[in-house]
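Here is a short tour to read alongside the coordinates. Please keep the viewer open and follow the stops in turn.

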Amino acid sequence: TATDGRTAIEMAHQHQPDLILLDIVLPDISGLEVAQCLKQDSRTAKIPIIAVTGMVSKEQKERCLSAGCVDFVAKPYDIEFLETVIKSYVS
């Protein structure tokens, strides 16, 4: 678990996770910037990123997908729904 965007980027490089759940509102750099950074780096470009955010407008969803997120889950979310979304990207 990372508590800020820079740490999330470092951890993604170090651990190469199968999937990233990414909040969009972070204290240092936005989750959108994190997603863009990870997608531009060949070491992390193929890691699926799911945006998890309380900002649920159509425009925000489009920004998340344009930044490189593969999916968008609005807060508050049902845990079973989140599990279903995760399973669709991780075998």
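Tyrosine 77 sits in the loop that links β3 and α4 (79-89); helices (H or I, at least four residues) and strands (E, at least two) are DSSP runs, numbered from the N terminus. With a relative accessible area of 35%, tyrosine 77 is partly exposed. On this scale, buried means under 20% relative accessible area, exposed over 50%, and partly exposed in between (1.4 Å probe, protein chains only). Together with Ile79 and Phe81, Tyr77 forms a nonpolar patch on the surface, and the three have about 300 Å² of accessible area together. Such areas come from the Shrake-Rupley method with a 1.4 Å probe, and for residues only the protein chains shown count as cover. Patches are made of residues with over 30% relative accessible area and no salt bridge, where like charges are joined within 9 Å and nonpolar side chains (Val, Leu, Ile, Met, Phe, Trp, Tyr) within 5 Å.

A word on the basis of all this: the model is predicted, so local features need pLDDT of at least 70 and side-chain atom pairs count only at pLDDT 80 or more, while totals for chains, interfaces and linings use all residues. Residues are numbered from 1 along each chain as its sequence is written, and side-chain values use heavy atoms, with hydrogens and water left out.

Now to the strands. Why is strand β2 (residues 49-53) described as largely enclosed by the rest of the structure? Five of its five residues are buried. The cover reaches both faces: Ile49, Ala51 and Thr53 are buried on one side, and Ile50 and Val52 on the other.

Strand β2 has partners to look at as well. Strand β1 (residues 20-23) runs parallel to β2 and is joined to it by four bridges; two strands pair if DSSP finds at least two bridges between them. In this pairing, aspartate 23 stands opposite valine 52. Strand β3 (residues 71-74) also pairs with β2 in the parallel sense, over four bridges, and here threonine 53 stands opposite alanine 74. From β2 the chain crosses through helix α3 (residues 58-67) to β3 in a right-handed β-α-β crossover. Likewise, β1, helix α2 (residues 31-40) and β2 make a right-handed β-α-β unit. Right-handed here says that, with the strands pointing away from the viewer, the path from the first strand over the helix to the second runs clockwise.

Helix α3 also holds glutamine 60, which counts as buried at 3% relative accessibility. Leaving aside residues up to four places away in sequence, glutamine 60 touches Ile24, Leu32, Met55 and Phe72, where contact means heavy atoms within 4.5 Å.

The last stop is the charged pairs. The structure holds three salt bridges, each being a side-chain nitrogen of Lys or Arg within 4 Å of a carboxyl oxygen of Asp or Glu.

| Residue pair | N to O distance |
|---|---|
| Aspartate 28 and arginine 6 | 3.9 Å |
| Lysine 75 and aspartate 23 | 2.8 Å |
| Arginine 43 and aspartate 41 | 2.6 Å |

Aspartate 28 lies in the loop between β1 and α2 and arginine 6 in helix α1 (residues 5-15), so their bridge ties together parts 22 residues apart in sequence. Lysine 75 is in the loop between β3 and α4 and aspartate 23 in strand β1, so this pair connects parts that are 52 residues apart in sequence. Lysine 75 is partly exposed at 35% relative accessibility, and aspartate 23 is partly exposed at 26%. In the remaining pair, arginine 43 is partly exposed at 49%, whereas aspartate 41 counts as buried at 16%.
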